[in-house]
Amino acid sequence: MTVRSLGTPYRRWLLVVITWLLLCVPRWVFLAYDAPEDLDWSWGELVDSGNYAVNARNKVLTGHWTLDEWNVMYLNPVPHLVTYLSYRLLGVGYWQTQVVPALFSSLTLPVVFAILYRTLGFLWAYLGMTLLGVHYLHWTYARIGNRTGELLFFLALAVYFWVRGVERPRSWFGSGLATALAYMTKSLTHPFTLALLLASLDVAVEREGWSLRRIWARYRWLLLGLGIGFLAWGMLVFWPHQDMFRMFFRWDWDLRRPRSWLDILRHLWTEPGAAYMFRYMPVLTLVGALQVLTVPMRRLREVSTLPLERLAWLWLLGEFSVYSLLYYRYLRFWLPAFLAMFLLAVVGLYRIAGGSLGPAGSWRWAPWYFLWWCEILKTTLNSAAFYVLWERWPSLLDYATRPFPHNYYEAYRTLALLAGLATVGTLAGVGLGRRWRRWRNPPPVPSGMTPVPGGGVAPQSPRRRPWAVALVAVLIEAEVLVQTAWAVHWWRYGPSTDLRDFSRFLAEYLPAGSVLVSNPTLALETPFRAYSLHEPRKLNWQAGILDRFGVTHFVLIDFPDTRDQILNNLAYLSARPDEPKRVRRLLFFLLRNRRVELWSRFPPPTPGLWVRGTEAHPDGTVSVIIENSDPFWPHAWQPSPDRRYRLEPGRTETIRLWPDEIPSPTGRPLPSVDTLIEFEQCPREGGIPVWDPQASQAAAVKSWPRVGQALCVWTLQLPEGRWHLRLRVRNETDTPMQLPLWVLDRTGRLRLRRTCRVEPTGVYTVCDWAEVNAEAGPYTFLWINPGPGLRLDAWQVWPGEP
């Protein structure tokens with residue numbers, strides 16, 4: 001093996017610095033953007049940032065670290081202090097939250113460079129840093145404040161000190177301390193800690209022999225670093241707040257532990273780690289999978305192996321063992337395994353370039369081949385490739401194999417199929433390995449050899465293998481292309497600021513002094529106190545807690561463990577039997593793939609027209625005070641066929657009426673004659689045939705999907721004569737946009753084609769139209785999407801003169 005090169009010219013280091021700055025760009029630009037919608041099926045990537053930063057927000061806004069029982073800062077005190085500094089210096093907000101993971105993720109790159117530089121030399125260190133820098137998941141999670149980016153930094157730092165400690169044992173103290181800091185960042189370090197202890201013991205025995213005294217002299221530095229780090233954590237953090245740790249860990253254990261033998265089989269079968277890796281890092285995963293197969297073979301055959309690849313191998317196996325038995329399915333839990341696979345794959349590329357990545361062809365490795373093939377085949381059967389196989393051989397591959405069946409008979413039948421396929425793969429693998437070894441090491445030819453002094457023959461010169469270097473170049477280029485494709489995908493479909501916009505809307509819409517029950521992320525940029533209530537964890541779940549906190553509003557996501565639990569337990573949480581009657585839903589929003597609702601306690605009146613007072617006059621007429629309580633939209637009221645009154649948003653008017661026109665009693669709503677349609681409630685079904693009388697005969701009948709995606713399809717009953725339409729819309733782009741509207745009659749004939757020009761003002765504007773119908777009847781309004789950038793509120797139709 002080559003060692004790190006010495007005397008590297010300064011130009012190389014300048015290249016490293018420039019490359020590092022370029023790789024930091026995607027980690028620091030557009031920090032306020034949300035996580036991509038298709039990154040993971042969990043909403044944690046979207047809303048966990050505020051959960052982890054809640055105590056820092058409390059301290060900046062209220063002067064107190066803790067307000068309730070939700071105190072996650074004790075679980076991750078190290079990055080929480082950095083988050084507090086960010087809020088203190090830059091203010092409380094979304095991009096200020098993402099500054100912390102962006103900083104730690106950027107620092108991870110030079111640490112990985114240092115690891116590979118000490119192990120493989122400058123070239124491979126530079127290639128490794130570049131590959132990690134362009135990795136889609138690494139720079140994506142650098143913009144998500146769920147403590148994953150910080151965790152990867154401390155794990156990489158622990159690996160660096162450990163690699164350095166192979167030659168300088170005292171550096172293992174820093175490795176142990178960095179491991180403790182990683183645990184204080186996010187408690188997902190158990191597999192890494194176990195791998196670190198085993199790999200250190202292996203290196204100590206390899207370097208020091210079987211002398212217990214010399215082994216202890218080396219090993220004690222790692223134990224000392226771990227001991228001091230965890231002792232400080234236990235005394236300062238865990239012991240004073242053990243009740244909170246007990247609550248979180250007990251709930252987590254009950255949620256994820258297997259409860260039966262079938263649960264263990266199901267957890268192993270549905271383990272998504274390999275599928276995640278093939279999805280987001282396919283080329284490096286293939287190389288790393290070969291390393292997973294060959295590293296123990298080379299080590300046990302006493303063939304040269306690097307300490308780094310042994311540590312990465314143990315680390316990766318630990319991650320898969322622990323998180324396959326426990327029910328950890330979220331992508332963010334598997335990112336440490338990604339880092340282990342990445343280090344293993346880079347060493348694998350180095351070995352391929354040197355022509356030294358060959359599996360041992362021996363039957364004694366058949367059990368290891370068998371387990372390796374089981375993992376590969378299980379991942380295939382849990383992926384989209386299963387459907388291709390199932391369509392071709394439906395009788396062999398029963399659909400019940402995906403997902404794993406819920407009874408023992410089907411489970412054992414699936415395992416038998418998996419074992420049969422893995423046996424075939426094992427036989428093929430051992431056979432190919434034996435042929436490869438014979439080709440790499442041909443038997444010596446008796447004749448034609450040059451005698452050398454002392455007997456024997458001179459060894460042949462090693463053959464140059466340019467194909468190996470070309471193969472490595474192709475693999476690296478393929479991986480870079482995959483990561484580039486993911487970056488393009490993120491740019492086309494991912495960027496949005498929905499969470500920030502929703503939070504700012506709450507800050508503008510709700511009155512001063514509001515107190516929310518909300519996910520902290522949704523209330524991050526509001527000035528209001530926000531509390532989390534969670535029944536399974538018994539978090540702030542007490543009788544009368546709503547009045548104790550002074551809660552005025554609920555921001556509820558349509559998850560069963562949030563929305564339904566709170567709404568179904570309002571009487572308990574407020575200690576008022578009539579509490580369910582005292583709340584009302586004000587608004588709802590479609591935020592990504594979820595519905596978010598805003599509920600109010602002691603709600604204001606329903607937006608619309610309300611009678612606020614009456615006063616009788618001697619002539620028999622009555623003055624009626626009417627208020628439009630809607631903050632956004634005008635509403636009309638028609639007391640008689642020949643009279644109509646229209647009030648603008650927030651206006652109050654006094655109207656004199658005859659006794660037979662007197663409306664509802666004071667404090668009751670008035671029926672309005674207008675129609676208000678929110679765009680979020682509009683169906684968007686397609687395929688409506690449109691008959692355009694202005695088009696040529698060949699193109700007269702068409703379907704609106706060929707024109708553009710529909711924003712809203714709505715049918716209304718309109719009277720004969722004049723009617724009015726009003727639209728409220730905002731243009732968030734840099735250029736004016738045209739919003740098309742088609743109005744169709746009952747036969748699908750296009751009766752009206754209008755266009756609203758929306759200027760890029762960034763604020764809501766109103767478009768008004770007036771039209772005349774020749775006949776009464778149902779008319780279909782078809783709003784066509786001109787492209788991204790328009791934020792639509794609602795539209796309103798009312799008959800006659802305003």
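A: Helix 6 is mostly covered, with nine of its twelve residues buried (under 20% relative accessible area; exposed is over 50%, partly exposed in between; 1.4 Å probe, protein chains only). Helices (H or I, at least four residues) and strands (E, at least two) are DSSP runs numbered from the N terminus. The model is predicted: local features need pLDDT of at least 70, side-chain atom pairs count only at pLDDT 80 or more, and totals for chains, interfaces and linings use all residues. Residues are numbered from 1 along each chain as its sequence is written, and side-chain values use heavy atoms, without hydrogens or water.

The buried residues of helix 6 are Phe122, Trp124, Ala125, Tyr126, Gly128, Met129, Leu131, Leu132 and Gly133. Several helices cover them by contact (heavy atoms within 4.5 Å). Among them are helix 1, helix 5 and helix 7. Helix 15 (282–300), helix 17 and helix 21 (466–493) also belong to this cover.

The rule takes rings of Phe, Tyr and Trp (its six-membered ring) with centres within 6.5 Å; planes under 30 degrees apart are stacked, over 60 edge-to-face, the rest tilted. By this rule there are 38 aromatic pairs. Trp124 lies in helix 6 (residues 122–133) and Tyr350 in helix 17 (residues 335–354), so the pair ties together parts that are 226 residues apart in sequence. Trp124 and Tyr350 are both buried.

Trp490 and Trp491 make a tilted pair, with 5.9 Å centre to centre and 45° between the planes. Trp490 counts as buried because its relative accessibility is 8%. Ring pairs join Trp490 and Trp491 to a cluster that also holds Phe30, Tyr33, Tyr136, Trp139, Tyr280 and Trp486.

Phe30, one of that cluster, sits in the loop between helix 1 (10–28) and helix 2. Phe30 is not a glycine, yet its phi is positive, about 55°. Most residues other than glycine have a negative phi. Phe30 is partly exposed, at a relative accessible area of 40%. Arg147 also has a positive phi without being glycine, near 70°. It lies in the loop between helix 7 (136–141) and helix 8 (148–165). Arg147 is buried, with a relative accessible area of 2%.

Other arginines sit over rings. Here NZ of Lys or CZ of Arg is within 6 Å of the ring centre and within 35 degrees of the ring normal. Arg218 lies over the face of Trp172, 5.6 Å from the ring centre. Arg332 covers the face of Phe333 at 5.4 Å from the ring centre.

Helix 22 (residues 498–509) also has twelve residues. It reaches 16 Å from its first C-alpha to its last, close to the 16 Å expected at 1.5 Å a residue. Buried in helix 22 are Leu499, Asp501, Phe502, Ser503 and Leu506. They pack against helix 2 (44–52) and helix 5 (94–120). They also pack against strand 3 (553–557), strand 4 (583–591), strand 5 (594–601) and strand 20 (790–799).

Five strands form an open sheet in the order 2-1-3-5-4, with mixed pairing (strands pair if DSSP finds at least two bridges between them). Its edge strands, strand 2 (529–531) and strand 4, each pair on one side only. Strand 4 and strand 5 run antiparallel and are joined by eight bridges. Leu591 stands opposite Arg594 in strand 5.

Strand 20 leads on to strand 15. Nine antiparallel bridges join strand 15 to strand 20, where Leu792 stands opposite Val729. Another nine join strand 15 to strand 18 (residues 765–773), again antiparallel. In strand 18, Thr765 is the bridge partner of Val729. Ten of the eleven residues of strand 15 (residues 721–731) are buried, so the rest of the structure largely encloses it.

Now the whole chain. It has 25 helices and 20 strands. Of its 802 residues, 51% are buried. Among contacts between residues at least 6 apart in sequence, 72% join residues at least 24 apart.

Definitions and conventions
Expected span 1.5 Å × (residues − 1).
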